[in-house]
Structure formats: C-alpha cells, structure tokens
Amino acid sequence: TPAWQAVGSDGMQWGQWVDITPAWTVQFPDAYSQYNGIGFLLIFWMLRMLMEGFGGPLIPYASQRFFAARDDREASLTTGTSLGLFVIRWPLIMGVAILGLSLGADMPADPERVFPQVVGHFFPLGMRAVVVSCMIAAAMSTFDSTVNAGGAYIVNDIYKRFIRPKASNRAQMVVSWCAT
C-alpha cells in the first residue's frame, strides 16, 4: 500500500476516496470538513446547468465566442480549442490533487495551501514561475470574461431593449465600454 493512501485515514478510508457512486455527504478529515456537503452542492450545479439548457441550444455566456467568430471555420476552431482545453484541465487538477496526497505528513491541514505546497515541493524554480504565471493568467481571463459579458448583457438586455432600440453600432460600443 503506497504511503499516500493513508492520508485520509483520519476521516476517510481508501475505498471512500476511489468510490464513484454519488453520495450526499462525504466524511473528509477535520481540516477539510467544510467540503463534507459536496454532493448537495453538485446537485445545485447540475440543476443550474439543466436550467441553462432549457434556455435553448446555446448557453448564453458560452455562445458569445461563437457569435464573435468571423465565419464557420473560426467557430469550429474555437470549438476545437475549447474541447482541447477542457480535456487537459481536469487531468491537471487531478494530478495536483494526487501530488498533494503524496506529500503525506507534509500535506498542509488548510486545503488552500495544498496547491502552493505542491508547486513548491515538486516544481523546479523556473517552472514555479511559469505555473504561477499561468494561474494568474487563468484567474484574470476568467475575471475579464465575466466583466466583458456583463457589458454585453447591459447593452443587449437593457440599453437596446428599453432605452434605444435603434441605437447605432457606435452608440452600442460606447455604452458597452462605459458598462465595462
């Protein structure tokens, strides 16, 4: 039995870590107890995704990248890029989790410290800088995408609908800049 399998022994057994059947609650170790109700949160996430699906064939926020494409080829490249990034995202996250578990006794009690500990322990100095830069870029791209989507919602759902339905493209762009 590898040493990292004993990491959850104070709250979870090895069989619970690898069990794929859904559960309402999970008994994590004390430091991770705020995640015990994760099954409940996953149900709400699934409900949210289902409700977005009822809105039509395209999720409004995600569909903006397709509406911004110049032609069908660019839209298909956007789709391929999104799929490729989704395929590698989760194995990377799982890899960090497994590396965190392999820290054994050095694994921090605070879950927010696992990623910095993994980066500090397993990556050489130059790669640490690259990984931290990538994390900052990912956070910023998520933030700016949300801000830009907010501007588009204000223009399309409020300005064009209620204030100036026949506004020119230039006027819509100015309102979008101000909203952003």
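Visitor: Where is S176 found?
Guide: S176 is in helix α7, which covers residues 169-179. Helices are DSSP runs of H or I with at least four residues, strands are E runs of at least two, and numbering goes from the N terminus. Keep in mind that this is a predicted model: local features need pLDDT of at least 70, side-chain atom pairs count only at pLDDT 80 or more, and totals for chains, interfaces and linings use all residues. Residues are numbered from 1 along each chain as its sequence is written, and side-chain values use heavy atoms, with hydrogens and water left out.

Visitor: Is S176 buried or exposed?
Guide: S176 is buried, because its relative accessible area is 19%. Buried means under 20% relative accessible area, exposed means over 50%, and partly exposed is in between, with a 1.4 Å probe and protein chains only.

Visitor: And what does S176 touch?
Guide: Not counting residues up to four places away in sequence, S176 touches G151 and V155. Contact here means heavy atoms within 4.5 Å.

Visitor: What share of the chain is buried?
Guide: Of the 180 residues, 18% are buried.

Visitor: Which residues make up the largest nonpolar core?
Guide: That core has 6 residues: Y32, L101, L103, M107, V114 and V118. A second, separate core of 5 residues includes V155, Y159, A171 and V175. A nonpolar core is a set of buried Ala, Val, Leu, Ile, Met, Phe, Trp, Tyr and Cys residues joined through side-chain atoms within 4.5 Å. In soluble globular proteins, nonpolar side chains tend to be buried together.

Visitor: What is L103 in contact with?
Guide: Leaving aside neighbours within four places in sequence, L103 contacts P108, Q117, V118, H121 and F122.

Visitor: Switching to helices. How do α4 and α5 cross?
Guide: Helix α4 (residues 72-101) and helix α5 (residues 114-122) have axes that come within 9 Å and cross at roughly 80 degrees. The two are therefore roughly perpendicular to each other. Axes are lines fitted to C-alpha atoms, for helices over the stretch in contact, and angles run from 0 to 180 degrees between N-to-C directions. Under 35 degrees counts as roughly parallel, over 145 as roughly antiparallel, 65 to 115 as roughly perpendicular and the rest as oblique.

Visitor: Which residues meet there?
Guide: From α4 there are V96, L99 and G100, and they meet V114, F115, V118 and F122 in α5.

Visitor: Tell me about L99. How far is L99 from V118?
Guide: L99 and V118 are 6.4 Å apart, C-alpha to C-alpha, and 19 residues apart in sequence. L99 counts as partly exposed because its relative accessibility is 29%.

Visitor: What about salt bridges, how many are there?
Guide: The count comes to 1 salt bridge, where a salt bridge is a side-chain nitrogen of Lys or Arg within 4 Å of a carboxyl oxygen of Asp or Glu. The side chains of R70 and E74 meet in a salt bridge at 3.2 Å, N to O.
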